[in-house]
Amino acid sequence: VRPVELFGEVQRVLKPGGVFLVSFTRGCYPGKTIAFWLATRPRQRQLLVGRYFAASGGWEEAQVAPALPPPGQPELDGLHAVWASKTG
């Protein structure tokens, strides 16, 4: 419901250098997700999660996996992950 606050709380309780990993697949429960999530592809979803890290503060630059193909190429439909380490 409040992802930036959630990411901030995770950052608060992790030790310096600790990693927070967020993973997702294409599947979801439409009634329990935001409209943006339903209207986007994996790359946009990875960027959104990366923005949650940036907005909450105290994280190294977010990393993503798997590496997605260049624009115009089909996207993979599998497990996607975004993670960052706590600064300090």
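Predicted model: local features only at pLDDT ≥ 70, side-chain atom pairs only at ≥ 80, totals over all residues.
How do the residues of the lining of the largest pocket divide into nonpolar, polar and charged?

Stop 1: Select residues 19-24, 63-65 and 80-85, which are strand 1, strand 2 and strand 3. They make an open sheet of three strands in the order 1-3-2, paired antiparallel. Strand 1 and strand 2 stand at the edges with a single partner strand each, so one side of each has no neighbour in the sheet. Look along the sheet for the twist, which averages 20° from one strand to the next.

Now zoom in on the pairings. Strand 1 and strand 3 run antiparallel and are joined by six bridges. To find your place there, pick Ser 23, which stands opposite Ala 81 in strand 3. On the other pairing, three bridges link strand 2 and strand 3, again in the antiparallel sense.

Stop 2: Helix 3 lies across strand 1, strand 2 and strand 3, and runs at about 20° to strand 3.

**Stop 3: helix 1 against helix 3.** Two packed helices are described by the angle between their axes and the distance between the axes. For the contact itself, display side chains: Pro 3, Val 4, Phe 7 and Gly 8 from helix 1 meet Val 49, Tyr 52, Phe 53, Ala 55 and Ser 56 from helix 3. That set divides into seven nonpolar, two polar and no charged residues.

**Stop 4: the largest pocket.** Finally, centre the view on Lys 32, Thr 33, Ile 34, Trp 37 and Tyr 52, which lie nearest the centre of the largest pocket among its 16 lining residues. Its volume is about 440 Å³. Helix 1, strand 1 and helix 3 are the elements that give two or more residues to the lining. And the opening question? The lining divides into 13 nonpolar, two polar and one charged.

Definitions and conventions. Residues numbered from 1 in each chain as written. Heavy atoms only, no water. Contact = heavy atoms within 4.5 Å. Helix = DSSP H or I, 4+ residues; strand = E, 2+ residues; numbered from the N terminus. Nonpolar A, V, L, I, M, F, W, Y, C, P; charged D, E, K, R; others polar. 1 Å grid on protein atoms, 1.4 Å probe; cavity = no way out; pocket = protein on both sides within 12 Å on 5 of 7 lines; lining within 4 Å. Points joined across faces, edges and corners; volume = space filled by probe spheres on them. Pairing = 2+ DSSP bridges. Axes fitted to C-alpha atoms, helices over the stretch in contact; angles between N-to-C directions.
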